[in-house]
Amino acid sequence: MGIGAAAAVLAGCVRQPTTDSDVIVIGAGLSGLQAARLLESEGLSVTVLESRNRVGGRILSYRHIPGSPEAGGTSFGAGYARLMQVIQELGVGLVNLDAMVELFGVRTLALHGEIIPTEEWPTHELNPLPEQARQFPPWAYLNFKMFTNNPYPSPPDWVSPEFAHLDVSLREYLTGQGETDATVNLCYNNNPGWGNNADEVSAALVLFAMRFAAAQQGFTGPDGGSAYTAVNGNQSIPEAMAASLNSEVLLERRVTGISDTGSRVEVHCEDGSLHHAGRVVCSLPCSLLRHLNLEPGLEGLQAEAARNVDSQILNQLHMIAKRPFWEDDGLSPNMWTDSLAGMVVGERKGDTPEEVTSLTSWTRGALAVEQDQLSDEEAAARIVADIERLRPAAKGQLEVMAYQSWFNDPDSAGDWAVWKPGQVMKYAPEVGKQHGRVHFCGEHTAVANRGMEGALESGDRVAFEVLDLI
C-alpha cells in the first residue's frame, strides 16, 4: 500500500491534526533547529517535528545527576564558531572545562584484569608499543600520532578525490605507517572512537576528526578558555534555540513517511497527524532514514548510503560514588580498560575541579554490541560488577543513575555517523544532496566540521539551499 492510500485508510479511524507551512523540519536536534531558525529569519513559516518528548536529539544532559553530565554532545571547543555565535545570541551560559580536561588525561590502566601502575607501563610485558614510544599510555599513542602527522592540509580535504587512498580501513592505514597489529588491537580496538574496531572504520574519517581537532587549537572563548559545556548541561543550547522559534516544536511526532507530489510535500506521522509544506528539511541519520517511507524513493548512491552508513554503537552508564573510593586505593577515578567498564570518566563539574560529581562509563566496540542484547538493568549491573572486580575499593559504593544505549534508542539507532572503508569517497558527496522537494542535513552531511559544529554547518547549508529555491 502506498503512503497516500495508507493515509486515506487512517483518515477514517484516526483524528489527524494537520499543519501547513512553507517548510517542515524533521528533527529538533542542532542541525534541524539551526535550519529552522535561519528559514524563519527570512520570513518563512516553519513546522518542526520531533519524535522524542524533548528537543536536542543526540544531545542529552542528565539534570537529575549532580553536574548535569552529558550522554551525547559532551563538550565543545572555543573554535566552534557557529555554536559559540548561537550561544552568545541566545544568552546561554558557559562552563569552562580547561581545569577538568587536564585531569581527564590522568587514568588508571587496567588490562587483563590487572591494574598496571603508570611507572611500570613502559617496561610491562603487555606493552606492544615501539621502543621510542613505550612511555605513551595506550589511549594516547595512536591519537597523538594521527594528530601530529596528519596528511590532510585542512579538514574538508577528507572528501577530496586527491586523498581517496586514505579511504581504507584504519588498520590498513596504521600498519602501512609501521604500526603492528598488536598495537592497533590494544590502542584502538579496546575503546574505539569510531566503528567497532580498526577494520570497520575508514582511516579517512578518523584522520578527519583528528585534523578538525587540530584546527581548534589556539582559539579561546570569552573567558580565555578552550573547552566548554553549557550551564545546566549542553541540552540548554537546543532548548534555547527551540524557544527562539516563532512556533513551538511539535514533540512526539515520529515521522513514518514523506510524499513528494512535485508541487507540495506531505509528511505522515505515527500518531496519524499529517503535515503539508512546500519543502521538507530532514535531519534524520542514515540509521533512521533507511526505515522511512519516502515517495519517490532515493536512488543510486544516495539510496545505497541510506542503507549502508551506520551510526556509532555506544553505551554510557552514569553513576554516583557514595564515597570517594579512589582515595582508598590511591588511584585515579578515571579508568581505561579492556573490559566491560571501557573508559571511566570522573566528571568534575562541581565548585572545584578536584570534586568528582559523578562517574561515566563508556562501553564501545564488540562489548557494546554484546551489552545491547541485555536489558538496561542487566547491562548496568555487569559494568558495575566489572568496576568492582578491578577496583575492590569500589564494591558497594556505586549508585546507578542512568544508562543509555544509543543503538537501542529508537530515535537515533546509534550516535555519530561511522564511515566504513570505501564509503567516504563513495557516499559522503551523496548523502546531503537534494531529493526533489526534500533536503537533508545532520552531522553526517557535514564536510568541514565535526560534532555539534558539524551539525550546525549542515543546518546552515540546507537552509541556504532551500532559500535559493523559494
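Q: In strand S9, which residues point one way and which the other way?
A: In a regular strand, side chains alternate between the two faces of the sheet. In S9, Ala227 and Thr229 point one way, Tyr228 and Ala230 point the other way, and all are buried. "Buried" means under 20% relative accessible area, "exposed" over 50% and "partly exposed" in between (1.4 Å probe, protein chains only). Strands (E, at least two residues) and helices (H or I, at least four) are DSSP runs numbered from the N terminus. This is a predicted model, in which local features need pLDDT of at least 70 and side-chain atom pairs count only at pLDDT 80 or more, whereas totals for chains, interfaces and linings use all residues. Residues are numbered from 1 along each chain as its sequence is written, and side-chain values use heavy atoms, with hydrogens and water left out.

Q: How many bridges join S5 to S9?
A: Two strands pair if DSSP finds at least two bridges between them. S5 and S9 run antiparallel and are joined by 2 bridges, with phenylalanine 76 opposite tyrosine 228 in S9. Strand S6 (residues 94-96) also pairs with S9 in the antiparallel sense, over 3 bridges. There, tyrosine 228 in S9 is the bridge partner of asparagine 96.

Q: How many aromatic pairs does a search of the whole structure find?
A: A pair of aromatic rings is described by the distance of the centres and the angle of the planes. The search finds 9 aromatic pairs. Rings of Phe, Tyr and Trp (its six-membered ring) pair if their centres lie within 6.5 Å; planes under 30 degrees apart are stacked, over 60 edge-to-face and the rest tilted. Phenylalanine 76 and tyrosine 228 are stacked, at 6.4 Å centre to centre with 25° between the planes. This pair links distant parts of the chain, 152 residues apart, from strand S5 (residues 76-77) to strand S9 (residues 227-230). Phenylalanine 76 and tyrosine 228 are both buried.

Q: Why is the pair of tyrosine 152 and phenylalanine 163 edge-to-face?
A: The planes of tyrosine 152 and phenylalanine 163 stand at 75° and the ring centres are 5.3 Å apart, so the pair is edge-to-face. Both residues lie in the loop between helix H5 (141-148) and helix H6 (170-176), 11 residues apart. Tyrosine 152 counts as buried because its relative accessibility is 2%, and phenylalanine 163 is buried with a relative accessible area of 9%. Elsewhere, ring pairs link Phe136, Tyr141 and Phe144 into a cluster.

Q: In the largest nonpolar core, which residues touch the most other members?
A: In soluble globular proteins, nonpolar side chains tend to be buried together. A nonpolar core is a set of buried Ala, Val, Leu, Ile, Met, Phe, Trp, Tyr and Cys residues joined through side-chain atoms within 4.5 Å. Here the largest core has 57 residues, of which Leu170, Trp194 and Trp419 touch the most other members. Helix H8 (residues 203-215) gives the most to this core, with 8 residues. Another core, of 38 residues, lies apart from it and includes Ala35, Ile87, Ile237 and Ala240.

Q: How many residues of helix H9 are buried?
A: Helix H9 (residues 236-243) is mostly covered, with 6 of its 8 residues buried. These are Ser236, Ile237, Pro238, Ala240, Met241 and Ala242. Their cover includes helix H2 (30-41), S5, helix H3 (81-90), S9 and helix H16 (451-467), where contact means heavy atoms within 4.5 Å.
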